[in-house]
Amino acid sequence: MSQYRYQGDKHTAPEMRGAVCSAVRDSRGKCIRGRNGSMLVDFETHGRHVVLGRQLRKL
């Protein structure tokens, strides 16, 4: 399972910055990505969110 650290931007809530998350995968095992570069991730403490893929750093 891929683990990521969410960097966030100036509009991100402070508790979400630097939070660890994992990619949500479909039935084929591929990450769920949007056309605009967004990605569905599952945070350990904040649940599932759609975030910008550019703000994710692989651990």
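Guide: What follows sets some of the labels used for this predicted model against their definitions.

Visitor: Why is Asn 36 called exposed?

Guide: The relative accessible area of Asn 36 is 60%, and because the label exposed requires a value over 50%, Asn 36 is called exposed. Asn 36 lies in the loop between E2 and E3, and its C-alpha atom is separated by 21 Å from that of Gly 47, a residue 11 places away along the chain.

Visitor: And why does Gly 34 count as partly exposed?

Guide: Gly 34 is also found in the loop between E2 and E3, with a relative accessibility of 34%. Buried would need a value under 20% and exposed one over 50%, so Gly 34, at 34%, counts as partly exposed. Between the C-alpha atoms of Gly 34 and Arg 5, which are 29 residues apart along the chain, the separation is 19 Å.

Visitor: What makes the pair Asn 36 and Ser 38 a polar contact?

Guide: The side chains of Asn 36 and Ser 38 are joined at 2.9 Å, and the cut-off for such a pair of N or O atoms is within 3.5 Å, so the distance of 2.9 Å meets that part of the definition.

Visitor: What makes E4 and E5 edge strands?

Guide: The open sheet has 5 strands in the order E4-E3-E2-E1-E5, with antiparallel pairing. Strand E4 (47–52) and strand E5 (56–58) each pair on one side only, and that makes them the edge strands. On average, neighbouring strands of this sheet are turned by 45 degrees against each other, direction ignored.

Visitor: Which residues make up the largest nonpolar core, and which elements give two or more of them?

Guide: This core has 11 residues, among them Tyr 4, Cys 21, Met 39, Phe 43 and Leu 56. Strand E1 (3–6), strand E2 (20–23) and strand E3 (38–43) each give two or more residues, and the largest share, 3 residues, comes from E3. Membership requires buried residues of nonpolar types joined through side-chain atoms within 4.5 Å. Met 39 touches, among others, Tyr 4, Ala 23, Val 51 and Leu 56.

Terms used. Residues numbered from 1 in each chain as written. Predicted model: local features only at pLDDT ≥ 70, side-chain atom pairs only at ≥ 80, totals over all residues. Heavy atoms only, no water. Buried < 20%, exposed > 50% of the residue type's maximum accessible area, 1.4 Å probe, protein only. Helix = DSSP H or I, 4+ residues; strand = E, 2+ residues; numbered from the N terminus. Contact = heavy atoms within 4.5 Å. Polar contact = N/O pair within 3.5 Å; in protein donor to acceptor, adjacent residues only side chain to side chain. Pairing = 2+ DSSP bridges. Axes fitted to C-alpha atoms, helices over the stretch in contact; angles between N-to-C directions. Lists of a residue's contacts leave out its neighbours within four places in sequence.
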